[in-house]
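Please look through this chain with me before we discuss it. My notes are numbered so that you can check each one against the view.

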Amino acid sequence: MKLKNIASIILIVVMCGLLIYGYNLYTKTFTSNTNFSEREVYVTIPSNSTHEDVREILSPYIKNFDEFDKVFHEISYNKSYFPGRFLLKNGMSNYDLMQALKLNIPVKVTFNNQETIEKLVSRISSQIEPDSISLLEVFLDPEFLKENNLTKENALSMFLPNTYEFYWNTTPLRVRNQLHKEYTKFWNEERKTKAKKLGLTPAEVSVLASIVQKETAKVDERPKVAGTYLNRLKSGMLLQADPTVVYSKKLLTNDFDQIIKRVYLKDLKLDSPYNTYIYKGLPPGNIAMPDITSIDAVLNPEEHNYIYFCASVDRMGYHEFAENLSEHNKNRDKYTSWLTKNNIE
């Protein structure tokens, strides 16, 4: 009888202990344990982070990290923290936090108007974990470029400005493959056929489109500008595109952040393969990253007989077009006088 009583007492003590433990675990698990005033915050945990790294990253947002960490390791199936980008909300309990740190939130990566591939990888790396050096390495991989009929000079033509979705801790190779997938999807048979009809490869279309885009910000004028440049190419003329001179100047000084408002006669003599006042045909690569409207403007050019154009002073942002040099000189003199009058250098 005494043994039975002792057993009952032991059972009661164990049950009480389990209840207390369960209550404490429940309280620790489902009581708010956040430490920020914002409605929500995103945190990133880099790949190969140590436990101490995670503690340093999460502590500013969690009231009691040790308590959370204990709960995490007691009830989480996976005992280690995942790398990635995670959304924490104000008022989250330890359980909520644990669930949130299992849900890797994708990043919307956006880029446009990049003048060099170095600027492109810098822009992309500012939004995800891979650094610019690792991205540049896979983007300019010789074997990859060869497989896609690209060179180091025109590799920028493969990247279409847009918004893409990646996991923050994605790999450089996955970034490149996804962007290449979008590139091949864009260059469908219809666009390839139009490029072939113009006697251009997709990369060459992109190079010309980059000049068109730098020449005019007016989307409705781009087919007309593209038609003018194509007329020059067909006739064997020099393109004589001022944007290529601007690019040459930036390239030679290795300063792509400088703002050049005016091209002078002395600039036209800059010895650079990108200077279309000296070298015939298209430059070896893009002078910028053209958007889709510029590429399609080249593929669907306006048909006309213009071979010259000059910035307009009557319709700001647009150009005055001419079929002969005499008419063009009048337009150019008018524009040059306007620049001088307004002290634009």
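The points below go from the whole chain to single residues.

1. Overall make-up. Keep in mind that this is a predicted model. The protein chain holds 14 helices and six strands. It has 345 residues, and 41% of them are buried. Take the contacts between residues at least 6 apart in sequence: 63% of these join residues at least 24 apart.

2. Helices α9 and α13. Start with α9, residues 189-197. Its axis and that of α13 are 9 Å apart, and the packing angle is about 50 degrees. An angle between 35 and 65 degrees counts as oblique, so α9 and α13 are oblique to each other. Which residues meet here? From α9 come R191, K194 and A195; from α13 come I292, D296 and L299. Sorted by class, the contact of α9 with α13 has three nonpolar and three charged residues, and no polar ones.

3. Helices α10 and α12. Now compare the pair made by α10 (residues 202-215) and α12 (residues 242-253). Their axes are 8 Å apart, and the angle is about 95 degrees. Angles of 65 to 115 degrees count as roughly perpendicular, so that is the term for α10 and α12. On the α10 side, look for I211, K214 and E215. On the α12 side, look for D242, P243 and T244. The contact of α10 with α12 divides into two nonpolar, one polar and three charged residues.

4. A serine in α10. S206 lies in helix α10. Is S206 buried or exposed? Its relative accessible area is 3%, and the cut-off for buried is under 20%, so S206 is buried. Set aside its neighbours within four places in sequence, and S206 is in contact with S157, N286 and P290.

5. Aromatic pairs. The count comes to 14 aromatic pairs. One of them is Y306 with F321: the centres are 5.5 Å apart and the planes 40 degrees apart, which makes the pair tilted. Where do the two residues sit? Y306 is in the loop between α13 (292-299) and β5 (308-311), while F321 is in strand β6 (residues 319-322). The pair therefore ties together parts that are 15 residues apart in sequence. Y306 is partly exposed at 23% relative accessible area, whereas F321 is buried at 9% relative accessibility.

6. An aromatic cluster. Find F65, F68, F72 and Y81 in the view. These residues form one aromatic cluster.

7. Charges over rings. Two arginines deserve a look. The charged end of R85 sits over the ring of Y42, 3.8 Å from the ring centre. The charged end of R176 sits over the ring of F144, and here the distance to the centre is 4.0 Å.

8. Positive phi values. Check the backbone at N48. N48 is not a glycine, yet its phi is positive, at about 65 degrees. This residue is in the loop between β1 (40-45) and α2 (51-58). N48 has 77% relative accessibility, and over 50% counts as exposed, so N48 is exposed. Then check Q240. Its phi is also positive, near 45 degrees, and Q240 is not a glycine either. Q240 is in the loop between α11 (222-235) and α12. At 31% relative accessibility, Q240 is partly exposed.

Note on methods. Residues are numbered from 1 along each chain as its sequence is written. This is a predicted model: local features need pLDDT of at least 70, side-chain atom pairs count only at pLDDT 80 or more; totals for chains, interfaces and linings use all residues. Side-chain values use heavy atoms; hydrogens and water are left out. Rings of Phe, Tyr and Trp (its six-membered ring) pair if their centres lie within 6.5 Å; planes under 30 degrees apart count as stacked, over 60 as edge-to-face and the rest as tilted. Helices (H or I, at least four residues) and strands (E, at least two) are DSSP runs, numbered from the N terminus. Buried means under 20% relative accessible area, exposed over 50%, partly exposed in between (1.4 Å probe, protein chains only). A charge sits over a ring if NZ of Lys or CZ of Arg is within 6 Å of the ring centre and within 35 degrees of the ring normal. Axes are lines fitted to C-alpha atoms, for helices over the stretch in contact, and angles run from 0 to 180 degrees between N-to-C directions. Angles under 35 degrees count as roughly parallel, over 145 as roughly antiparallel, 65 to 115 as roughly perpendicular and the rest as oblique. Contact means heavy atoms within 4.5 Å. Ala, Val, Leu, Ile, Met, Phe, Trp, Tyr, Cys and Pro count as nonpolar, Asp, Glu, Lys and Arg as charged, and the others, Gly among them, as polar.
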